[in-house]
Amino acid sequence: MSKRRPPEEAVFLNQEDCKAKLKSYFDVYLKENADVVADVESLADYLGTTREGLFALEQDKLLGFELRKARNRIASIKKQLAFKGKLPPAVFSFDLKNNHGYKDKNDDKEASAETVVIKGVAKEWAK
């Protein structure tokens, strides 16, 4: 895995600024822009940085935890959209792998062969 470069310019003044901007993204920006779905790229754009810049900032000792929580919240929002059939499974899977660090069991060398039973709304997607 390649090392992630930090953003070219400072994104946050300090930890409190980081918390305030993240809160504003979720509580104000997303609500005022109903056509925008929470994702890593829209968060980066809102903050004036890049996806790679955000990932690099997650390694910061003061800001990293807040940014990882924000990325987790984005994944949670998308998961709920997928469960409700509002986000195609392939798009959801691709996003989780590329922006949230998830892997297929097949990607894991120690994966075991298990049967997965799909019930509920997800069963309709398979048609």
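User: How many aromatic pairs does a search of the whole structure find?
Analyst: Four aromatic pairs turn up. Bear in mind that this is a predicted model.

User: Take Tyr25 and Phe26. What is the geometry of that pair?
Analyst: Their ring centres are 5.0 Å apart and the planes stand at 75°, so the pair is edge-to-face. The cut-off for that label is an angle over 60 degrees.

User: Are those two buried or exposed?
Analyst: Tyr25 is buried, because its relative accessibility is 0%. Phe26 is buried as well, with a relative accessible area of 6%.

User: And Tyr25 with Tyr46, what kind of pair is that?
Analyst: Tilted: the distance is 5.6 Å centre to centre, with 55° between the planes.

User: Where do Tyr25 and Tyr46 sit in the chain?
Analyst: Tyr25 belongs to helix α1 (residues 15-32) and Tyr46 to helix α2 (residues 40-47). They are 21 residues apart, and the pair links distant parts of the chain.

User: Which residues form the aromatic cluster?
Analyst: Tyr25, Phe26, Tyr29 and Tyr46 form one cluster.

User: What lies over the face of Phe26?
Analyst: Arg73 does, at 4.2 Å from the ring centre.

User: Where is Ala38, and is it buried or exposed?
Analyst: Ala38 is in the loop between α1 and α2. Ala38 counts as buried because its relative accessibility is 3%.

User: What is Ala38 in contact with?
Analyst: Setting aside neighbours within four places in sequence, Ala38 contacts Tyr25, Leu30, Ile74, Ile77 and Lys78.

User: New topic, helices α4 and α5. How do they cross?
Analyst: The axes of α4 (residues 64-83) and α5 (residues 89-99) come within 11 Å and cross at roughly 170°. The two helices are therefore roughly antiparallel to each other, the cut-off being an angle over 145 degrees.

User: Which residues make the contact?
Analyst: From α4 there are Arg71, Ala75, Lys78, Lys79 and Ala82. From α5 there are Phe92, Asp95, Leu96 and Asn99.

Definitions and conventions
Residues are numbered from 1 along each chain as its sequence is written. This is a predicted model: local features need pLDDT of at least 70, side-chain atom pairs count only at pLDDT 80 or more; totals for chains, interfaces and linings use all residues. Side-chain values use heavy atoms; hydrogens and water are left out. Rings of Phe, Tyr and Trp (its six-membered ring) pair if their centres lie within 6.5 Å; planes under 30 degrees apart count as stacked, over 60 as edge-to-face and the rest as tilted. Buried means under 20% relative accessible area, exposed over 50%, partly exposed in between (1.4 Å probe, protein chains only). Helices (H or I, at least four residues) and strands (E, at least two) are DSSP runs, numbered from the N terminus. A charge sits over a ring if NZ of Lys or CZ of Arg is within 6 Å of the ring centre and within 35 degrees of the ring normal. Axes are lines fitted to C-alpha atoms, for helices over the stretch in contact, and angles run from 0 to 180 degrees between N-to-C directions. Angles under 35 degrees count as roughly parallel, over 145 as roughly antiparallel, 65 to 115 as roughly perpendicular and the rest as oblique. Contact means heavy atoms within 4.5 Å.
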